[in-house]
Each structure stands twice: as structure tokens, then as C-alpha cells.
Amino acid sequence: MRKLVYYVGVSIDGYIAGPSNQWDFYPVSDQMSAWINARYPETLPTHVRAHVGLEGTPNQRFDTLVMGRGTYDPALEINVTSPYAHMRQYVVSTTLGKIDDPTVDLVTEDPVGLVRRLKAEDTGMDVWLAGGGKMAASVLPEIDELIIKSYPVVAGDGVAAFSGGFDPTLFTPTHRESFDNGAQVTWFTRG
């Protein structure tokens, strides 16, 4: 069975984006960018990959993406309907009327059922939970691993990494890497 992995960047105070879904306040260095591009190239949007020399680069870890509407909306704002065309894409939303792109599936039902179906597939790669905080909280029981890019910045307000009811869930840190910009990436497994 493949894993559901929440791979996401967070501020010191636990926000994955600002109040208007901005994320450009994270201090990403050339060293960290090169590391991300080498290890997780599929996490860069398709329309960005050509600009950083990753066009046609094979996926390393994920072949499927699950995201909430708040994560999908920024792509729509720049007229990109398939932000991760190099992956299977699912947008979970009860408020989005339709998606005008056959490569992106709109899911209006229970996201836990979707995640369970995806995890049961045998593709050889994991499922990337890209966000947002409400989505992550709704599927928390199904998250097998966290890969948290922790940036040395306080956002003050924004989209919380998990935004739902009180549900303490234990994860164990298994590895950590540090970068020249003060950021760290930490891997956590459930339990």
C-alpha cells in the first residue's frame, strides 16, 4: 500500500501560506532550491518546471496529488487549470462548481474515501497531499508521513498547516536536513 505524504512548507508559527495564499515570504536559497529540484521535482508546477531546467524530469516520489480548493485557486488565478499536469490531480471541494480540464478531477465527496482508494492502488509511488490546512485536517487519520520544510520566518497570520478540530496525533521524527538559509526539512512517520 502506498503512503499519503503531507509535503509542505511552514513558518515558525505554523502557517503554510499567508492570509491571501501568498507563500513568497519563505526564504528559499539556491542550495535549498537545488535540493528540492533534485529530490522532489514533481512538487514544482508544470508551468514552472521548464524555467528551472526540470521539463521532462521524471517524478521521484509522487505520481498523484490531492489538494483542497485553496491550494488550487492560485493556479486558476493565473489561468492554469492543470498546475501539475505531470501527475494525477484531485481537487477536493464542495464549493467549486466544475473544473474545465479533463486532467484534473473534482471530488465533492468525503476526502477520506478518496485517499483510501488512492492509497490502495499499486503504482510504485506515493500520494502527495499538497494542502491546504482544512484538507490536511480532514484526512489526518490517513496521513502516513509528514515532510515539513520549516522556514525561519514568522507569518503572523494565514493558512494553518492543520485547520480543524482538536485531534492530537503523534508522529515520530525520523530524519532532518538543514540548509544555508536557516530552513530545515524534517521527516515524520505516524506513531
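Colleague: By class, how many nonpolar, polar and charged residues does the lining of the second largest pocket have?

Modeller: Before I answer, please keep in mind that we are reading a predicted model. In that model, the lining of the second largest pocket has six nonpolar, four polar and one charged residues. The space in this pocket comes to about 190 Å³, and among the residues that line it are Ala-137, Leu-140, Phe-162, Asp-167 and Phe-171.

Colleague: What is the volume of the largest pocket, and which residues are the closest to its centre?

Modeller: The largest pocket has a volume of about 1500 Å³. Its lining is made of 47 residues, and those closest to the centre are Ile-16, Trp-23, Thr-71, Tyr-84 and Ala-130. Sorted by class, the lining of the largest pocket has 27 nonpolar, 15 polar and five charged residues.

Colleague: Which helix gives the most to the lining of the largest pocket?

Modeller: That is helix H3, which spans residues 69-77 and gives seven residues to the lining.

Colleague: Now I would like to read a strand, so how many residues of E1 are buried?

Modeller: The general idea to start from is that in a regular strand the side chains alternate between the two faces of the sheet. In the case of E1, seven of its seven residues are buried, so the strand is mostly covered, where buried means under 20% relative accessible area. Leu-4, Tyr-6, Val-8 and Val-10 are buried on one side of E1, while Val-5, Tyr-7 and Gly-9 are buried on the other, and in this way both faces are covered.

Colleague: Which strands does E1 pair with, and in which sense?

Modeller: E1 runs parallel to strand E6 (residues 126-131), and three bridges join the two, with Leu-129 as the bridge partner of Tyr-6. With E7, the pairing of E1 is again in the parallel sense, over six bridges, and here Val-10 stands opposite Ser-150.

Colleague: Which residues are buried in helix H1, and what covers them?

Modeller: In H1, which covers residues 30-39, the buried residues are Met-32, Trp-35, Ile-36 and Asn-37.

Colleague: How many aromatic pairs does the structure hold, and why is the pair of Phe-25 and Tyr-26 tilted?

Modeller: The structure holds 12 aromatic pairs. For Phe-25 and Tyr-26, the ring centres are 4.6 Å apart and the planes stand at 40°, so this pair is tilted, because planes under 30 degrees apart count as stacked and those over 60 as edge-to-face. Phe-25 counts as partly exposed, at 25% relative accessibility, whereas Tyr-26 is buried, with a relative accessible area of 10%. A stacked pair is formed by Phe-62 and Trp-128, at 6.1 Å centre to centre and with 25° between the planes.

Colleague: Where do Phe-62 and Trp-128 lie, and are they buried or exposed?

Modeller: Phe-62 lies in strand E3 (residues 62-68) and Trp-128 in strand E6, so the pair ties together parts that are 66 residues apart in sequence. Both are buried, since the relative accessible area is 0% for Phe-62 and 4% for Trp-128. Ring pairs also link these two residues into a cluster, together with Tyr-7, Trp-35, Tyr-40, Tyr-84, Phe-179 and Trp-187.

Technical notes. Residues are numbered from 1 along each chain as its sequence is written. This is a predicted model: local features need pLDDT of at least 70, side-chain atom pairs count only at pLDDT 80 or more; totals for chains, interfaces and linings use all residues. Side-chain values use heavy atoms; hydrogens and water are left out. On a 1 Å grid over the protein atoms alone, a cavity is a set of points where a 1.4 Å probe fits but cannot get out, and a pocket is an open set with protein on both sides within 12 Å along at least five of seven lines; lining residues have an atom within 4 Å of a point. Grid points are joined across faces, edges and corners, and a volume is the space filled by probe spheres set on the points. Helices (H or I, at least four residues) and strands (E, at least two) are DSSP runs, numbered from the N terminus. Ala, Val, Leu, Ile, Met, Phe, Trp, Tyr, Cys and Pro count as nonpolar, Asp, Glu, Lys and Arg as charged, and the others, Gly among them, as polar. Buried means under 20% relative accessible area, exposed over 50%, partly exposed in between (1.4 Å probe, protein chains only). Two strands pair if DSSP finds at least two bridges between them. Rings of Phe, Tyr and Trp (its six-membered ring) pair if their centres lie within 6.5 Å; planes under 30 degrees apart count as stacked, over 60 as edge-to-face and the rest as tilted.
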